[in-house]
Amino acid sequence: MDPMTTIPKDRKPQRPFALVLLLGMTVLLFLLILNRYGEVAGAVLSARVG
């Protein structure tokens, strides 16, 4: 078997709850950032038009 695909026996097991929580918080952060940029873009565009 290829040594790159074997999992070491002394490796600490991953905690799936922590991984899911981290991914969820990252997605939430990106959504909040995109929401803020959308508000800023709308304000800039309305200021230039008006």
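I began with Met25, which is exposed, with a relative accessible area of 53%. I note at once that the model is a predicted one. I then looked up where Met25 sits and found Met25 in helix α1, which covers residues 16-49.

**Entry: the patch.** I asked which residues make a nonpolar surface patch together with Met25. I found Phe17, Leu21, Leu28 and Leu32 alongside Met25, and the patch comes to about 570 Å².

**Entry: overall form.** I looked up the secondary structure and recorded 1 helix and 0 strands for the protein. The radius of gyration is 22 Å, whereas the globule rule gives 10 Å for 50 residues; the computed value is well over that, so the protein is more spread out than a compact globule. I also took the box filled by the C-alpha atoms along the principal axes, and this box is roughly 65 × 25 × 10 Å.

**Entry: surface.** I asked what share of the 50 residues is buried. The share is 0%, where buried stands for a relative accessible area under 20%. For the accessible surface of the protein I noted about 5300 Å². Carbon and sulfur atoms account for 71% of that surface.

**Entry: before the helix.** I turned to Gln14, which lies in the segment before α1. Is Gln14 buried or exposed? I recorded Gln14 as exposed, because its relative accessible area is 53% and the cut-off for exposed is over 50%. Lastly, I looked up the separation between Gln14 and Leu28, a member of the patch, and found their C-alpha atoms 22 Å from each other. Along the chain, Gln14 and Leu28 are 14 residues apart.

Definitions and conventions: Residues are numbered from 1 along each chain as its sequence is written. This is a predicted model: local features need pLDDT of at least 70, side-chain atom pairs count only at pLDDT 80 or more; totals for chains, interfaces and linings use all residues. Side-chain values use heavy atoms; hydrogens and water are left out. Patches are made of residues with over 30% relative accessible area and no salt bridge: like charges are joined within 9 Å, nonpolar side chains (Val, Leu, Ile, Met, Phe, Trp, Tyr) within 5 Å. Accessible areas come from the Shrake-Rupley method with a 1.4 Å probe; for residues, only the protein chains shown count as cover. A salt bridge is a side-chain nitrogen of Lys or Arg within 4 Å of a carboxyl oxygen of Asp or Glu. Helices (H or I, at least four residues) and strands (E, at least two) are DSSP runs, numbered from the N terminus. Buried means under 20% relative accessible area, exposed over 50%, partly exposed in between (1.4 Å probe, protein chains only). The radius of gyration is taken over C-alpha atoms; the globule rule is 2.2 Å times the number of residues to the power 0.38.
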